[in-house]
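Please look over the sequence and the model before reading on.

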Amino acid sequence: MTPTAAPERLTDRELAVWRSLLDTTDELRRLLSAELQRVELSPGDYAVLLALTEAPDRTLRSSEVADAIGWERSRVSHQLGRMERRGLVLRTDCPGDNRGALVLLTDDGFQAIRQASGPHLRAVKRLFADALEPQQLDALADVLGSIRTRLDATHLDATGDRS
């Protein structure tokens with residue numbers, strides 16, 4: 001190991017902060033999930049509906065849904081099946097691709113996310129944003145940016161994909 005290389009083990013402080021991050025984000029997810037359950041949506045439902053709401057014509061290929069929410073394609077397929085049975089989305093054949101499917105946001109799906117968004121975003125504000133002073137929010141944004149930069153560089157190194 002060179003003198004400038006970082007030690008490979010986490011310090012006690014680094015580990016404590018890491019655990020605090022995991023515990024805090026887990027608790028935030030739990031509380032936000034409970035808020036969504038009040039309007040009969042799961043976090044997965046909300047993620048899919050949000051991706052479709054933001055898509056042109058409220059339509060995405062199923063693989064694009066997976067990419068948009070960071071899930072494996074098989075997990076998305078099961079999620080879409082549950083949502084389709086509830087009338088939130090509709091899957092149709094993708095023109096020109098026998099293996100692909102288009103996922104369309106239905107009117108019921110659009111109404112569901114409209115109903116969920118207000119309470120969900122108010123909970124995010126109450127549980128997250130209101131807990132921070134403006135300078136803390138700025139510092140957190142900087143911290144997350146540094147971590148994102150490291151993750152992106154690690155991904156590029158692992159895949160060799162520079163596009």
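A pocket is an open set of points, on a 1 Å grid over the protein atoms alone, where a 1.4 Å probe fits, with protein on both sides within 12 Å along at least five of seven lines; lining residues have an atom within 4 Å of a point. Grid points are joined across faces, edges and corners, and a volume is the space filled by probe spheres set on the points.

The model is predicted: local features need pLDDT of at least 70, side-chain atom pairs count only at pLDDT 80 or more, and totals for chains, interfaces and linings use all residues. Residues are numbered from 1 along each chain as its sequence is written, and side-chain values use heavy atoms, with hydrogens and water left out. Helices (H or I, at least four residues) and strands (E, at least two) are DSSP runs, numbered from the N terminus.

**Second largest pocket**
- The second largest pocket holds about 460 Å³ of space.
- It is lined by 13 residues, and Arg29, Leu32, Pro43, Tyr46 and His120 are the closest to its centre.
- H1, H2 and helix H5 (107–127) each give two or more residues to this lining, and the largest share, six residues, comes from H1.
- The lining of the second largest pocket divides into nine nonpolar, three polar and one charged; Ala, Val, Leu, Ile, Met, Phe, Trp, Tyr, Cys and Pro count as nonpolar, Asp, Glu, Lys and Arg as charged, and the others, Gly among them, as polar.

**Largest pocket**
- In the largest pocket there is about 770 Å³ of space.
- Among its 19 lining residues, Leu21, Thr25, Leu140, Leu144 and Ile147 are the closest to the centre.
- Helix H1 (12–37) and helix H6 (134–159) are the elements that give two or more residues to the lining of the largest pocket, with the largest share, eight residues, from H1.
- By class, this lining has 14 nonpolar, three polar and two charged residues.

**Helix H4**
- Helix H4 (residues 73–85) has 13 residues and spans 18 Å from first to last C-alpha, close to the expected 18 Å, which is 1.5 Å times one less than its number of residues.
- Its buried residues are Val76, Gln79, Leu80, Gly81 and Met83, where buried means under 20% relative accessible area (1.4 Å probe, protein chains only).
- Just after H4, glycine 87 has a positive phi of about 80 degrees.

**Hairpin**
- Strands S2 (residues 89–94) and S3 (residues 97–105) pair in the antiparallel sense over six bridges; pairing requires that DSSP finds at least two bridges between two strands.
- Threonine 92 has leucine 102 in S3 as its bridge partner.
- Two residues lie between S2 and S3 in this hairpin, and glycine 96 in the turn has a positive phi of about 80 degrees.

Key
Buried < 20%, exposed > 50% of the residue type's maximum accessible area, 1.4 Å probe, protein only.
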